[in-house]
Amino acid sequence: INADNGIEWHKNQKKYLAIGNAKAVSGGLSLKSDRIEAFYDESKDSKMDIRKVIAKKDVIISDKKMKITGGDFAEYDVKKDYFKVNGKNLVLTSQLNILKSNDKMEYWRTKGVAVATGKAEAEKKNEYIVKADKLVWNLYEIDKKIMVKKIIGFNNVSIRSNNEVAFSDKGIYNNITEVCKLFGNVKLQRG
């Protein structure tokens, strides 16, 4: 952890506070923000294990070939390897894929799952745009690239490709097979 304006150690609260252009790095994972708090547990041999990290204002998370921007607040649970990011203009980018939300983004690194809640939108350049109240991305890694395997949309789903639009209550799009399944109040439009 490092920061431009300093780092405070709050021993009684078992936390570090990094202020001003703060950055926390662990392996390929990087978290940048104006303010980062890292909470730890102390073992019997005085070893400090970070258990939770909280970031406030201008949050940027980078992991391998993925990046989440637009966060006002983020919380990372180290044990679960899970991020929750809140903000009005959240954007997750991975290769040619983009996932957006105007409320909350969740990301389970080891499970390869990202969830966007609040006017969610997924886009693959020149191929499709999927919109819904909530979108779930299933991700996988191939040749050191993070790719989207499947997109699941819940409530007010619309899927737009070239000159077709589909609407439904729930939609599942398999990015590998390019097969889309729609459920509940399905409508299809051309043009």
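This is a predicted model: local features need pLDDT of at least 70, side-chain atom pairs count only at pLDDT 80 or more; totals for chains, interfaces and linings use all residues.
View 1. Strand β10 covers residues 113–124, where strands (E, at least two residues), like helices (H or I, at least four residues), are DSSP runs numbered from the N terminus. Strand β9 (residues 104–108) runs antiparallel to β10 and is joined to it by 5 bridges; two strands are said to pair if DSSP finds at least two bridges between them. The β9 and β10 hairpin has 4 residues between its strands, and G112 in the turn has a positive phi of about 70 degrees. Strand β8 (residues 97–101) also pairs with β10 in the antiparallel sense, over 4 bridges, and I98 has E123 in β10 as its bridge partner.

View 2. Because 9 of its 12 residues are buried, β10 is largely enclosed by the rest of the structure; buried means under 20% relative accessible area, exposed over 50%, and partly exposed in between, with a 1.4 Å probe and protein chains only. Strand β11 (residues 128–142) pairs with β10 in the antiparallel sense over 10 bridges, with V113 standing opposite N138 in β11. In this hairpin, which has 3 residues between the strands, N126 takes a positive phi near 60 degrees.

View 3. Strands β3 (residues 29–42) and β4 (residues 48–63) run antiparallel and are joined by 12 bridges, with K32 opposite I60 in β4. Their hairpin has 5 residues between the strands, and S46 in its turn has a positive phi of about 65 degrees. The antiparallel pairing of β4 with β5 (residues 66–77) extends over 9 bridges, and S62 has K67 in β5 as its bridge partner. Here 2 residues lie between the strands of the hairpin, and K64 in the turn has a positive phi of about 50 degrees.

View 4. Most residues other than glycine have a negative phi. D58, found in strand β4, has a positive phi near 50 degrees and is partly exposed, with a relative accessible area of 49%. N155, in strand β12 (residues 145–161), has a positive phi of about 65 degrees although it is not a glycine, and at 46% relative accessibility N155 counts as partly exposed.

Notes:
Residues are numbered from 1 along each chain as its sequence is written. Side-chain values use heavy atoms; hydrogens and water are left out.
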